[in-house]
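I am opening a notebook on a structure that is new to me, and I will go through it one feature at a time.

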Amino acid sequence: MLISRRPLDTTLAALRGEGYAHVAETAEGTVRIEKSRPRRAAAAVPAPPGSGARSGGRIAAASKAKPAAALDPSTLAMQLLAAPATTPEPAPFDGGAPFATDTEKIVAGWAKRLPYSDIRQLAHAIDAGQAITVEYVATSGNRTVRTLRCLELDPPYLEAWCHLRDAERVFTLSRIHGVMSAARE
């Protein structure tokens, strides 16, 4: 047993630096295990083509979104009906502009069933560290809707914390059939 006035991390680092394999203990005497997840850089979602906004590329941290103002659904419907019809630009694999991020390109290579809009949304959630809801088809053929957080891309898999199972799970990218924003908790 060792007691030190220095912070726990400093003391353990000093002991390990001298070749000792000491671990921290809890107040009950059990080994204290601290698992840290690797941090990923967040990526900005590229601006829609023709909007005049410039994409900032990769950023260090995702910025907080401003809360949406409460709007009347009738007003929104009128604005949508009055908007000019636009044709979406083709996806990168349909001859369109190149992928906005490396993550998009990797996800698109493995999640062949997803449309480009879902690939883009999933890639953004991975890069920004945001929760996402997916429609997943298991090897048994059962379809489930899963809300996932702590996304970690490991092609051809996506490791994540699954709210349905309340545990960390591994998902095959090719078995993700749909992507949508996660409901706010």
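Entry 1: Is R143 exposed or buried? I looked up its relative accessibility, and at 53% R143 counts as exposed, because the cut-off for that class is over 50%. I note before going on that the model is a predicted one. I then looked for a partner of R143 and found E135, with which R143 forms a salt bridge whose closest N and O atoms are 2.5 Å apart. For E135 I read a relative accessibility of 25%, so E135 counts as partly exposed. When I asked how many salt bridges the structure holds, the count came to one.

**Entry 2: two helices.** I turned next to helix α3, which covers residues 102–110, and helix α4, which covers residues 116–128, and I found that they pack with their axes 9 Å apart at an angle of about 125 degrees. That angle makes α3 oblique to α4. I wrote down which residues make the contact: α3 gives T103, E104, V107 and A108, while α4 gives Y116, I119, R120, L122, A123, I126 and D127. I also checked the hand of the crossing of α3 and α4, and it is right-handed.

Entry 3: How many bridges join β5 to β6? I found six between strand β5, residues 157–162, and strand β6, residues 167–172, and the two strands run antiparallel. D166 belongs to the loop between β5 and β6, and at 57% relative accessibility D166 counts as exposed.

**Entry 4: another positive phi.** I looked up C150 as well, a residue other than glycine whose phi is positive, near 55 degrees. Where D166 is found in a loop, C150 has its place in strand β4. With a relative accessibility of 36%, C150 counts as partly exposed, because that class lies between the cut-offs of 20% and 50%.

**Entry 5: a cis peptide bond.** Which form does the peptide bond from P155 to P156 take? I read an omega near 5 degrees for this bond, and the bond is cis.

Technical notes
Residues numbered from 1 in each chain as written. Predicted model: local features only at pLDDT ≥ 70, side-chain atom pairs only at ≥ 80, totals over all residues. Heavy atoms only, no water. Salt bridge = Lys/Arg side-chain N within 4 Å of Asp/Glu carboxyl O. Buried < 20%, exposed > 50% of the residue type's maximum accessible area, 1.4 Å probe, protein only. Pairing = 2+ DSSP bridges. Helix = DSSP H or I, 4+ residues; strand = E, 2+ residues; numbered from the N terminus. Axes fitted to C-alpha atoms, helices over the stretch in contact; angles between N-to-C directions. Parallel < 35°, antiparallel > 145°, perpendicular 65-115°, else oblique. Left-handed = near helix turned anticlockwise from the far one by under 90°. Contact = heavy atoms within 4.5 Å.
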